[in-house]
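Student: I would like to learn how to read aromatic pairs and charges over rings. Please take me through them.

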Amino acid sequence: MTPRLVHYGPVTCLNVTGMGEPGGTEHLSAIHALSTVASAMDVRTGPLEGRWWVEDASGSPLDVPRDQWRWHLLMSLPDVPAPGAVDEARERSRPSGAPVDRVQVVTFTEGECVELLHVGPYSEEKSSLELMDAFMAEHGLIPYGLHHEIYLTPFTAATPETLLRQPVTPVPRRAV
C-alpha cells in the first residue's frame, strides 16, 4: 500500500482513555464499555479506533513496554448526541457490569494526516509505519498529534486490516 495525504475535520466520538497493552484486561474492559454504551444509545457507530501515545519520548514508541502504552479508544458517532443521551445510555447499561462511567463524548480535529492501510498482523505494523515516515520525510512533514488506528476488522481476524493515520504539519523552515 502507498501512504496518502488526507484532511479530516471535526469528529465526535464515544471515548475511553486508559493505559495498557492491546488485548490486555484494561484495553478489553474499555472496548466492552464503549460497545455497551453505544448499543444502549441505539446509534450506528463507526469501527473501533485507537489514538496511541507513550510518555517516554526518548526513543521509538515501539520500544516502550506495551503495558506503558496510553490510548484513547473511540467509536465515532453520526451526530453530536442530544444533551443527556450518553448519561441515559450509561444508566441503561449499568446492569451489564461494564465500566460505563468511563465512557465520555469527545470531539477532535486531526486536520492534515498521512494515512496508510495496513493489512496483516499488528506485530508487522512497523514496516507500514516506516513507509509513512518515509512519505512524511519526502513531503517535508513531521508528526503533529497522536498516532491513530482504525480497526476495520475484529481483533481476532486472521488477517487484520488497520487504517493507520498520523496527523502532520510541515517541517518548520529555518531562518536564513
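Student: Is Y122 buried, exposed or partly exposed?

Tutor: Buried means under 20% relative accessible area, exposed over 50%, and partly exposed in between (1.4 Å probe, protein chains only). Y122 is partly exposed, because its relative accessible area is 27%. F155 is partly exposed too, at 33%. This is a predicted model: local features need pLDDT of at least 70, side-chain atom pairs count only at pLDDT 80 or more, and totals for chains, interfaces and linings use all residues. Residues are numbered from 1 along each chain as its sequence is written, and side-chain values use heavy atoms, leaving out hydrogens and water.

Student: How is a pair of aromatic rings described?

Tutor: By the distance of the centres and the angle of the planes. Rings of Phe, Tyr and Trp (its six-membered ring) pair if their centres lie within 6.5 Å; planes under 30 degrees apart count as stacked, over 60 as edge-to-face and the rest as tilted. The count here is 4 aromatic pairs. W52 and W69 form an edge-to-face pair, 5.8 Å centre to centre with 80 degrees between the planes. Both W52 and W69 are buried. Y122 and F155 form a tilted pair, with 5.8 Å between centres and 55 degrees between planes. Ring pairs also join Y122, Y151 and F155 into a cluster.

Student: Which ring does the charged end of R165 sit over?

Tutor: A charge sits over a ring if NZ of Lys or CZ of Arg is within 6 Å of the ring centre and within 35 degrees of the ring normal. For R165 the ring is that of Y8, 3.6 Å from its centre. R51 lies over the face of F108, 4.1 Å from the ring centre.
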